Amino acid sequence: MRTTVEELFALGEEVDELRTQAEEHTAKLAVSEGALRAMLAGTTSTTMTVEDDHSLRYAALFAPHFFWTLHERALFEAHLDLKLADGSTGLNLEFAALWFTVNDSLTIGAGKLLTPFGFYNEQLHTTWINRLPDEPLVVADHVGVSPTHLVGVSARGAWRGGTQRAVWAVFFGSAPHALLPSPSNTHSHSEPMPVVMGPATGALDYDRYHRWATGGRAGYLPIPSLELGYSLHVARVDPRGSPLARILMFTQAIDVNYNDVVPALRGTLDAHLEAVLGSAQPQEHDDWPADRSRAGLYAQLAYRPSEVDAQHLARLEVVTRYDRLDGIKGNQPTERATLGLNYWIQPSLVIKAAAQVVDPPTGDNTLRGLFQLAGGF
Amino acid sequence: MRVQLVGPSHGPTALVAAAVLALALGAGCMKPATDVRDELPGGAQLWSDNCGRCHNMRPPSQYSSKEWGIIMIHMRVRAGMTGAETRAIRAFLESGQ
């Protein structure tokens, strides 16, 4: 009888010890789950350009992307660009935003954002996603016509009806700073203004924020592989140090995007077209030229024989792109034709090689070669 | 904290854009809208439809379930997906661990 009581007490102590261990493990698991709300991803690339005069230019990029889920409905993300180019290193906060999921159809965000304008800016600009080593002129940062960033708020959502889908995004926030180029003017990165810019509508510096901008993009997908988009950006900008009156900028874009496996070609086709038109409306001045608009476009087509049996062949991809950016004040446009060949080591790791013919506003055509290793992690 | 490591005139342009969208909408409106829940494809189909539009699709095994949960919030914003689509894709990706 005494032995049975002792055994029961011992059993009770064992149960207490097991309960304590279970509580400790549960606490550790909670801490572990909390830690997994943070995540680090990003992009890296190395680029070499061989110019027409056989000179070489190098660039390297490390772009970490931080994620932190503050709540099951709230995500904070930030993306830094640490870039070495032409012998100097620059650090840029590409975006830092807090997104909140309101319901199944609506998400709102605030912070420094990629402007939801066009398709390339938000979806294709990442180095390992862009199928060529460089950007189309019309959407290139600090060079093109497309707005790229803002500090402000955005609301976005999606709708689905059968096989059709629609996406939309609107924004309100800072406006770009209009620069009226002169030989002594520089943009935010303290580099000389590109010769292609010239006077007239000028370049828009999206790293200096003031005034206001608003607009959005609407996209329609009649079938899953095809998206048609229209974008509008209206901004009140102030020319820096200029006696000219305030400028109202209107920028519009249409984009067409296709990606699908085409059985007849035993591969995947990826196609993009984006056309952008920007114009300035000064309230009052006498010095600006009559033509205060500027346009550009790019059209790109890529093919990869993804359905063939030969593994290495299935990883090759041919890309061709035509892009054009209007000159300013009656100057000739810059036109380029690019032909590239990619080898996808992994879905997010690629070696790119491209030959590019550049038809500048003045002077002869030039030929350059571009080589890039890009990866997403 | 342990961090799990693991990418002059704009009038004519506006008219063209409106015409393109109108044509596309007209083509798409031939089939009447139906209940989304009845017509939502499976997670694998949604993954194929949405995740390959911009970039090569990464295999489900590349990230853990927790990481996919974080990534899908980001991709919902970038790719423009509904909540239902996002949850279906996430379930598919987590099942592939």
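Biologist: Which conventions apply here?

Modeller: The model is predicted, with local features needing pLDDT of at least 70 and side-chain atom pairs counting only at pLDDT 80 or more, whereas totals for chains, interfaces and linings use all residues. Residues are numbered from 1 along each chain as its sequence is written, chains are lettered from A and ligands numbered from 1 in the order in which they are written, and side-chain values use heavy atoms, leaving out hydrogens and water.

Biologist: How many helices and strands are there in chain B?

Modeller: Chain B has five helices and one strand, where helices are DSSP runs of H or I with at least four residues and strands are runs of E with at least two, numbered from the N terminus. Their order from the N terminus is β-α-α-α-α-α.

Biologist: At what angle do α4(B) and α5(B) pack?

Modeller: Helix α4 (residues 65-79) of chain B packs against helix α5 (residues 83-95) of chain B at about 150°, with the axes 10 Å apart. Axes are lines fitted to C-alpha atoms, for helices over the stretch in contact, and angles run from 0 to 180 degrees between N-to-C directions. The pair is therefore roughly antiparallel, a label for angles over 145 degrees; under 35 is roughly parallel, 65 to 115 roughly perpendicular and the rest oblique.

Biologist: Which residues of α4(B) meet α5(B)?

Modeller: Ser65(B), Trp68(B), Gly69(B), Met72(B) and Arg76(B) do; their partners in α5(B) include Ile89(B) and Leu93(B). Contact means heavy atoms within 4.5 Å.

Biologist: And how do α3(B) and α5(B) cross?

Modeller: The axes of α3 (residues 43-51) of chain B and α5(B) come within 8 Å and cross at roughly 110°, so these helices are roughly perpendicular. On the α5(B) side, Glu85(B), Ala88(B), Ile89(B), Phe92(B) and Leu93(B) take part, and they meet α3(B) residues including Leu46(B) and Trp47(B).

Biologist: Changing topic, where is Pro333(A)?

Modeller: Pro333(A) lies in the loop between β13 (316-325) and β14 (334-346) of chain A.

Biologist: Is Pro333(A) buried or exposed?

Modeller: Pro333(A) counts as buried because its relative accessibility is 15%; buried means under 20% relative accessible area, exposed over 50% and partly exposed in between, with a 1.4 Å probe and protein chains only.

Biologist: What does Pro333(A) touch?

Modeller: Leaving aside residues up to four places away in sequence, Pro333(A) touches Arg324(A), Leu325(A), Asp326(A), Gly327(A), Asp359(A), Pro360(A) and Pro361(A).
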